[in-house]
Amino acid sequence: MKTGLSRFYCAIAVLFILFGFSAFYTGQLGYKDVPKFPYKSKGLTEREAAAHLLSRFTYGATPGQVDEVVKTGLEKWFAQQLEARQPDDSLKQLLKDFDAVKLSTEQIITKYPRPFQVTRMMIRDSVVNKDSIRSDRKEYRDLINNYMQQHGMVAEQELYRQFINQKVLRAAYTQNQLQEVMTDFWFNHFNVSITKNQCAVFIPTYERDVIRPNVFGKFGNLLLATAKSPAMLIYLDNSSSSGDNAAPAKPNNTQAKPKADAQPGMGMAMEGSSMMMGNTMAMVAPKPQPKKNGAGLNENYAREVMELHTLGVDGGYTQNDVTQAARVLTGWTIYPMGDEGYGYMRKLQERFSADRLKEQGYVHDGEFLFTANRHDRGQKTVLGKQFGPDGGYQEGVDLLNMLAHHQSTAKFITRKLAVRFVSDNPPQSLLNKMVKTFNEKDGDIKEVLITMVSAPEFWSKTSVREKTKSPFELAIGAVRTLHADIQQPYQLYTWINRMGEKKYYYQAPTGFPDKGQYWINTGSLLNRMNFGLALASGRIPGVNVNLMALNQNHEPESAQAALTTYSKLIMPERNLSETIKRLTPMLNDPQLMDKVAAASAQNKPAANPSTASNNVMMKGTVTDTLRDKALKNNTYMAMQAKGVNKNMLSQVVGVIIGSPEFQRR
Amino acid sequence: MVSRRGFLRSGGLALMGVGLMGGIPGFLAEAVAGEQLINPYGKRKVLVCIFQRGAMDGLMAVTPFTDEYLKAARPNLFMSAAKTGTGASLIDLDGHYGLHPSMQAFEPMFREKRLGIVHGIGSPNNTRSHFDAQDYMESGTPFNKGTASGWLNRAVGLLGHDAITPFTAVSLTSAMPRSFYGDNPTVSISNLQDFAIQMRGNPGAANMAAKSFEDLYDKTSTGLLHDTGKESFDAVKMLQKADVKNYKPANNVVYPTSALGNSLKQIAQLIKMEVGMEVAFTESNGWDTHYSQGTDNGIFARNVGDLSSSMMAFWNDLSAYQDDVTVMTMTEFGRTVHQNGTGGTDHGRASCNFILGNNVNGGLVHGKMQPLANENLEDGRDLAVTTDFRSVFSEVADRQLKVTNNRVLFPDWKGEKIGVMRA
């Protein structure tokens, strides 16, 4: 029954996606609509241009990908990326076991309950007595585990683990790289955070259903979709905001009149503000309740939607606009889902028939609910435009539509895109072009991207390699360029955290700052270097690299050859002479061979007896002069090559990954 | 500004080198005086902040034991200061407030007037969400979620000098705390030993790689990567010299083996290394005691025991550095006056905090608390917030770090100090 149901949901999802895409793409952009890129005028060769394109619109070029893009044609490749319809069969194969990320939000809520919800269910089912809960006792934890198992429930951490794992795999392996890069961009722009327990469970579907399908569409559509998503409604508290001017819902008949304590909407406010709080509080203890502090206006979303999502902090709004916008958005909340935790609105629906609710202006759209009885019915004025009175749900839609089309928004959004894709300080001439397109094409993100990439500024030498990779981009870029086989994606995520980007856990609604200065500090930089060494030497569990295979199993003839070959493989179409020059002494350092060989001998004492004895011989008897001579003749290299090649190679590759050149894109 | 800071960083380090070689040449000394250059790596005044995540029950940590209303509201949780036959009793601080018996380590500090307590401290925003309350407390703007920076990051920006080192602001946490978000350089690290180029089981190769990296960052990069690369390797060398792995605390101090104890031990190491640290941050978890909170035994007792023992181990380890350090605890809110149905307490409003240091106006329980009759409770259930956390944070930061611009530190705050620090 369960699987049947989930198949049904999948089918619905697929249909939805198909319709969604066809609506966007039918009769729209072909690659011929992408103008010829003006890289030649900026002095770039076609291959250099392809490498630049890949560095900005993918998580990093895979070996040979520069050739592929040149062969496809740069403009056509870009158009294909905008369409995001490249076959992804091998990725699908990798993701097939990730059941959690295929579920609907309601299924997720049911399968991955919050701990306090489990406790409440256990009390309800008399599995535990509310006086004997000892979360620090093993027996009690066993009881919880058994109960969850019996009821097909899984700890919510498993949901986040799967979600993060699939993200790492998707970024590393999808053929539709730009779609994933844009998903990151917009997720970060409309940031929500797993650190806020109440909204955490909604985040996997937020990325999948709200962000990813809309990344190339109209900005206004994306804004509206985020505004109505449970994750955002809870993260920025709008789900618990209600108006002073709200009219109570009129019941179907007098018998059904709700008691004061079940005032529609009030319960929901509690859900959002206090009961859903990472704890097991009030529902088991009928103690003096807090004043329903959610039952009032909450300005958080209204402020951030203007400051962070649309107009920007200097976008020309006042505190009064914030308050008025908050009033416009009262009543925007989440639709009750699951058996536990969302019961108040369910009660409301039992008391009032669907028709009755609709008649009163309630709007139910998927996971979104507009509760008319909590909406401030009075007149409001935001940025000089009047909303209401009694405009209901439509007021909010009109408000967001106005914000999406505001001049400040055009500037703010296009600048953020240019900072992401061009440089930390994009030239004004480029921004002007992008703003023009944003305005003329109704905020069409695809069109804005085309304008950006078709502008000479994008190809300017001051833009090429000017961006600093974020830790996620660095890690994913490294596994892509080394063709690594990822068996344990979470291991990469752990390294990404260590380098300073705990993806999905950024607490503030600003999202991660997109600038080099934020990513590069002493601790994080050392970890970038250590990451390179760990990855190349195979010391990240479940992330396997085969450096020999990368070079078609050609064994480099010398350390010098290895350095040159692998530098070019890892960083195609760049001037690496300085990097190579600086790394050469390392290879020629007589200690290197000793140390690397010693390590190899230590790791595999029996495997390479000859290497070990050579090593002893070198250390014990060969004078420095002799060693120098040997180095010059390359005989030393040759002698050591067979035994220590792999270790030496991984050392070289590790340093390249950690080098300053590789931190740039 | 970046380039100036970069110059000062490398310039400052060079000065230190010259200094070690025997005296600063006259022209440099003049430059130092003219530019008010100070040696970036040196002994500093340090503010150490400990965030108790989960909301500490301030009424159990420091109990107004003469309050009959509290006694009635907490039949299973209330402890008295009277020495009775069964169980431990509170440590009577002043005839009204009693310290939890598991915090006996704090008592001598309170008697010596080095430990101050503020009761009734909290946020003007009455959210009872952990997330929101922590967010507001750490950003320092209780009504604005979009504040990009944290208050401690802004404090770094107000230090009044440009001698910023990699260790100016250090968080001993695995991820950057909200308090540290922002444009001023801060670093988060869970273990100082990780501050090195590492190849497990192969120190020789690690040294080699470190040399290569150092050269690469020095010679093949510019700007941010170049400067940060230089700082990183300076930092690595400093830590190597200090041999952090084999650290021996002073006075035969033994730190608790808890996460907090371990973090504070590393903060003590950094202070003694004199690497220019001025702001340190760490956290303590497990304060969300909805169930079976216990009295002199149990979860809460273990938590406060760890907090006080870790802080006192730190304090005693500091020995000669005690004059330079102030430690302040904070928690997002307090807990309900009434115990709940599961032997615990739920989310409330005000809590208390601890401030330890030789400049603290100690030996006092600061703040106001009315008798806990229902009519005096906030929203009819919680200890009312009578002292805004920003009042205490700004006073401590000002006294300790000479961070005087409250408009920047706490933009919406213009309130008064309550005298938790000695003038």
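Me: Where in chain A is P389(A) found?

Reply: Before the answer, please keep in mind that this is a predicted model. P389(A) is found in the loop of chain A between β5 (385-387) and α20 (393-404). The peptide bond that leads from G388(A) to P389(A) is cis, with omega near 0 degrees.

Me: What is the phi of Y504(A), and in which loop is Y504(A) found?

Reply: Phi of Y504(A) is near 75 degrees, which is a positive value in a residue other than glycine. The loop that holds Y504(A) runs between α25 (489-498) and α26 (516-519) of chain A.

Me: Is Y504(A) buried or exposed, and why?

Reply: The general idea is to count neighbours, and a residue is called buried if 20 or more other C-beta atoms lie within 10 Å of its own. Y504(A) counts as buried because it has 21 C-beta neighbours inside 10 Å.

Me: How should I read the pairing of strands, and which strands of chain B pair with β5(B)?

Reply: In general, the strands of a sheet pair through backbone hydrogen bonds, and they do so either parallel or antiparallel. In this structure, β5(B) pairs in the antiparallel sense with strand β10 (residues 351-357) of chain B, over six bridges, and within that pairing I121(B) stands opposite S351(B). With strand β11 (residues 365-366) of chain B, β5(B) pairs in the parallel sense over two bridges, where V118(B) stands opposite H366(B). With strand β12 (residues 387-388) of chain B, the pairing of β5(B) is also parallel over two bridges, and here G122(B) stands opposite D388(B).

Me: How many of the residues of β5(B) are buried?

Reply: Strand β5 of chain B, which spans residues 115-122, is mostly covered, since eight of its eight residues are buried. For chain B as a whole, 56% of the 423 residues count as buried, and the chain has 13 helices and twelve strands.

Me: What is the order of the strands in an open sheet of three strands in chain B?

Reply: The order is β2-β4-β3 (chain B), with antiparallel pairing. The edge strands are β2 (62-64) and β3 (91-92) of chain B, each of which pairs on one side only. Between β2(B) and strand β4 (residues 97-99) of chain B there are three bridges in the antiparallel sense, and the bridge partner of P64(B) in β4(B) is Y97(B).

Me: How is chain A divided into domains, and how many residues of domain 2 are in contact with domain 3?

Reply: Chain A is divided into domain 1 (235-283 + 293-404), domain 2 (471-545) and domain 3 (550-663). Of domain 2, 13 residues are in contact with nine residues of domain 3. On the domain 2 side of this contact, α24 (471-481) and α27 (522-536) of chain A each supply at least two residues, and α27(A) gives the most, with seven residues. By class, that side divides into eight nonpolar, four polar and one charged.

Me: How many residues does the contact take from chain B and from chain A?

Reply: The contact takes 64 residues from chain B and 72 residues from chain A. Among the elements of chain B that each supply at least two residues to its side are α6 (130-139) and α9 (223-242), while the largest share, eleven residues, comes from α8(B). The side of chain B that touches chain A has 24 nonpolar, 27 polar and 13 charged residues.

How values were computed:
Residues numbered from 1 in each chain as written. Chains lettered and ligands numbered in written order. Predicted model: local features only at pLDDT ≥ 70, side-chain atom pairs only at ≥ 80, totals over all residues. Buried ≥ 20, exposed ≤ 12 C-beta atoms within 10 Å, placed from the backbone. Helix = DSSP H or I, 4+ residues; strand = E, 2+ residues; numbered from the N terminus. Pairing = 2+ DSSP bridges. Domains from an automatic or database assignment. Contact = placed C-beta atoms within 7 Å. Nonpolar A, V, L, I, M, F, W, Y, C, P; charged D, E, K, R; others polar.
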